[in-house]
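Please give a brisk report on the structure shown here.

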Amino acid sequence: MRQAEEISKDIWKLAKQEISCACPFFAPLLEKIEILGQNERKNYGLDGFRMWYEPFELLNIYQEQGRKKINRMLLHSLFHLLYLHLAEKKREETRWNLACDLVAEYTIDCLKLPYLTGEMQEQRKEIYQNFWKEGEGKTAGQIYESLNQYSETEIENWERIFASDSHELWRKLN
């Protein structure tokens, strides 16, 4: 168990370094985020400036999907912080979580850093076109409102595609 925690910490440290090198403006924020292993967790998630994760789960993700997936996970959480998704007054939770995840993932893909986060999947491009025009910025609140025009089936499918982290710790902040 102890070894899994140590290796996991090294994986997060590498992700922080890679992101800081590619995007130096993130370095100060990355320094502030404390990353803590917790065996009871299934998904990783933020509660402000602490990110919780399960060490064995992280090792599995790293082994199966590689460092780019870990970088993407960390960036996903950074964008939730930067866009203040954690502080937003609650709306219908499922749609709000999807709206936040869409905005975070869209922003990552707009960075166009495939060496850091992997290539944008064609399926994602098609979904993004439902919400964004070329070069357009939208908030999670705007995306949330747009979700009303889509079926439950589409929304459930998009949740499977875009969900990355747990938002359960956000509830404790509001």
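## A histidine in the interior

His76 has 0% relative accessibility and counts as buried. Buried means under 20% relative accessible area, exposed over 50%, and partly exposed in between, with a 1.4 Å probe and protein chains only. His76 sits in helix 4, which spans residues 67-82.

Leaving out residues up to four places away in sequence, His76 touches Tyr44, Asp101, Ala104, Glu105, Ile108, Phe162, Ser164 and Asp165. A contact here means heavy atoms within 4.5 Å.

## Basis of the model

This is a predicted model: local features need pLDDT of at least 70, side-chain atom pairs count only at pLDDT 80 or more, and totals for chains, interfaces and linings use all residues. Residues are numbered from 1 along each chain as its sequence is written, and side-chain values use heavy atoms, with hydrogens and water left out.

## Fold and dimensions

The chain has nine helices and three strands. Their order from the N terminus is α-α-β-β-β-α-α-α-α-α-α-α. Helices (H or I, at least four residues) and strands (E, at least two) are DSSP runs, numbered from the N terminus.

A compact globule of 174 residues would have a radius of gyration near 16 Å, and the chain agrees with 16 Å. That radius is taken over C-alpha atoms, and the globule rule is 2.2 Å times the number of residues to the power 0.38. Along the principal axes, the C-alpha atoms fill a box of roughly 50 × 35 × 30 Å. Of contacts between residues at least 6 apart in sequence, 71% join residues at least 24 apart.

## Surface and charge

Of the 174 residues, 48% are buried. The accessible surface comes to about 9500 Å², and carbon and sulfur atoms account for 49% of it. Areas come from the Shrake-Rupley method with a 1.4 Å probe; for residues, only the protein chains shown count as cover.

The chain carries 24 positive and 29 negative side chains, and the centres of the two sets lie 3 Å apart. Lys and Arg count as positive, Asp and Glu as negative; His and the chain ends are not counted. Each charge is placed at NZ of Lys, CZ of Arg, CG of Asp or CD of Glu.

## Cysteines

How many disulfides does the structure hold? The count is zero. A disulfide is a pair of cysteine sulfur atoms within 2.5 Å.

For Cys23, the closest cysteine sulfur is in Cys21, 10.0 Å away and so too far for a bond. Cys23 is buried, at 2% relative accessibility. For Cys100, the closest cysteine sulfur belongs to Cys110, at 17 Å, again too far for a bond. Cys100 is buried too, with a relative accessible area of 0%.
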